[in-house]
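Here are some friendly notes to read alongside the model.

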Amino acid sequence: MAGGSLPARPGPPMGARPGPPPDLGDDETRHPAVDAAVRAIANASTLAPADQIAQYEAAYETLRETLATIDQT
């Protein structure tokens with residue numbers, strides 16, 4: 001790269017961002033930890049980029065742990 005400049009990083013695609021999933025209304029099939037992680041991901045868009053990463057990582061860990069416990073039952 002000439003002059004030591006880096007190419008611009010691609011940004012997010014243009015258009016609307018996905019929102020939280022619709023309320024399915026069936027509390028018996030919902031999992032509170034998963035619902036909380038999904039809400040945290042949706043709310044991360046209001047945070048600074050560094051805080052978004054931490055929020056996504058925490059949600060990922062919650063989802064990973066929850067799925068692991070579901071597999072054990």
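1. Let us start with a charged pair: Arg30 and Asp35 form a salt bridge, with their closest N and O atoms 2.9 Å apart. The term here means a side-chain nitrogen of Lys or Arg within 4 Å of a carboxyl oxygen of Asp or Glu. Arg30 is partly exposed at 25% relative accessibility, whereas Asp35 counts as buried at 18%. For these words, buried is under 20% relative accessible area, exposed is over 50%, and partly exposed lies in between (1.4 Å probe, protein chains only).

2. A word on the basis of these values. This is a predicted model, in which local features need pLDDT of at least 70 and side-chain atom pairs count only at pLDDT 80 or more, while totals for chains, interfaces and linings use all residues. Residues are numbered from 1 along each chain as its sequence is written, and side-chain values use heavy atoms, with hydrogens and water left out.

3. How many salt bridges does a search of the whole structure find? The count is two. Besides the Arg30 pair, Glu61 and Arg64 meet through their side chains at 2.5 Å, N to O. Both of these residues sit in helix H2 (residues 49–72), three residues apart, about one turn of the helix. An α-helix has 3.6 residues a turn, so residues three or four places apart point the same way. Glu61 is partly exposed at 28%, and Arg64 is partly exposed as well, at 41%.

4. On secondary structure, the chain has two helices and zero strands. Helices (H or I, at least four residues) and strands (E, at least two) are DSSP runs, numbered from the N terminus. H1 has twelve residues and reaches 16 Å from its first C-alpha to its last, close to the 16 Å expected at 1.5 Å a residue. For H2, with 24 residues, the end C-alpha atoms are 35 Å apart, which agrees with the 34 Å it should span. The expected span is 1.5 Å times one less than the number of residues.

5. Which residues of H1 are buried? They are Asp35, Ala37 and Ala40, and they pack against H2, where contact means heavy atoms within 4.5 Å. In H2, Gln52, Ala59 and Thr66 are buried, and their cover includes helix H1 (32–43).

6. Finally, the chain as a whole: of its 73 residues, 10% count as buried.
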